[in-house]
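Hello,

Here is the structure for you to look through. My notes on it follow below.

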Amino acid sequence: FSLAKSLVATMSLALLEKDYPNIMNENIQDHVPACKQKKWKDVRFKHLLNMATGHYFDKKWYSEDWYLNNKGFSLNYTHKDRIKFSCSVFSKKSPPGIKLSYHSSDTYILGVGLNNFYKSKNGDNADIYKDLILPLWKQLNLSQATYEIRRSIDFIRHPYMEYGMFMTADDVLKIGAFFMEQNELENKIALVTGGSNGIGLKTAKMLAEKGATVIVGYYNGKDRAKKIIDTLPEKNHAMFQIKLEDYNTIETLALEIKEKYGKLDIIINSAGFTKPIPHKDIDKLDIETFDQILIANARGPYSIIRSLMPMLQKSSEAVVINVSSISAFTGSGSNIAYCASKAALDTMTMSLARVFGPKIRFLCVSPAAVATDFVQGRDRGALEKLAEKTPLNKVVEPDDVALAILGLSLIHI
């Protein structure tokens, strides 16, 4: 589902944009006759791609595909039935571009609009998947599983863009590498908290190599931060001490970013804190330590986001990536407070994504056993034992997590 939307719908729009600049602002009613109702008047291609049409069932839901399926969306196999259903199923509740509501039906409408636009320029036999997407897949040497996509069951054979792709893991890796090569972060301003060590350090370097101007946030690693800044490609980089427990330092950071850059495009909340305390030893996990961990790992990222929200809103498209942990949903980690703090971070991320998306995207990366000194006293042997419980059975390196963060930054900017 989501992979098809991200790849086929996004790539189709991006490839058309090269030949037809500003196509994302085309009005959907000009290209999808079935969406003739008044509610579609101001909806553009970009709103459908971002699932922010202003049409939904209930504002409290992030995803409403459950509602679509209850109404029979997946049972509409012909193009005529599917597009009629998609254009009529939801009522207009807000102006487009404000409320994110995950609808597979939106992506189907977008696919119809893009394909009709493409046919209007290239003839009735033109097919956006075969003519634009498939040549790219072949160029990337993807498997033959990608050579077709699910289509409507009728003579029209309209290509779905919301689901129905078949890919191997190797195909996904090749497409990811392609995106990494194509996208750049020139003129983007990025803040990396915890940027002087571990995952944050590697992330700061990768963002800078892609062209971003990086603000390296540190706690007590001033010398390390200075060395990092000196090694980054020449830009207007900066470093700043951030004490997550001290809200005043975060407010000062916000003022400096405003004065120096005037906006912020990317926040990577990588800073955090923990102590190794056995879960059974609740006496050792005292209230002061519990509070310290929650402040660093949950309140701290919130304080960063809250203070810098005006700068994120100055960006044309912004993304916030919180470094969480599988401890959030496994309940297994360095201590009980750490697990609770990461679960809080995950929930907070979802809440923020729902109200500020799609203009500002909020995401988490959740690594497991990472080879850093984050947990005191945890050696390589302990990491390897932890890794045995994960699907890949490998110790994750900081570079691996930083690469995932970079990929998300490139896709969502």
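**Strands first, then a helix pair**

Strand β3 (residues 189-193) runs parallel to β6, and four bridges join the two. Strands pair if DSSP finds at least two bridges between them. Ala190 has Ile266 in β6 as its bridge partner.

This is a predicted model, so to speak plainly about limits: local features need pLDDT of at least 70, side-chain atom pairs count only at pLDDT 80 or more, and totals for chains, interfaces and linings use all residues. Residues are numbered from 1 along each chain as its sequence is written, and side-chain values use heavy atoms, with hydrogens and water left out.

Now the other neighbour of β6. Strand β7 (residues 318-323) pairs with β6 in the parallel sense, over four bridges. Here Ile268 has Ile321 in β7 as its bridge partner.

Is β6 (residues 266-269) buried or exposed on its two faces? Both faces are covered. Ile266 and Ile268 are buried on one side, Ile267 and Asn269 on the other. Buried means under 20% relative accessible area, exposed over 50%, partly exposed in between (1.4 Å probe, protein chains only).

Next, the helices. α1 (residues 2-19) and α5 (residues 104-122) pack at an angle of about 30 degrees, with axes 11 Å apart. They are therefore roughly parallel, a term for angles under 35 degrees. Lys5, Ala9, Ser12, Leu13 and Leu16 in α1 meet Ser104, Thr107, Leu110, Leu114 and Tyr118 in α5. Contact means heavy atoms within 4.5 Å. The residues of this contact are six nonpolar, three polar and one charged.

Best wishes

Technical notes. Axes are lines fitted to C-alpha atoms, for helices over the stretch in contact, and angles run from 0 to 180 degrees between N-to-C directions. Angles under 35 degrees count as roughly parallel, over 145 as roughly antiparallel, 65 to 115 as roughly perpendicular and the rest as oblique. Ala, Val, Leu, Ile, Met, Phe, Trp, Tyr, Cys and Pro count as nonpolar, Asp, Glu, Lys and Arg as charged, and the others, Gly among them, as polar.
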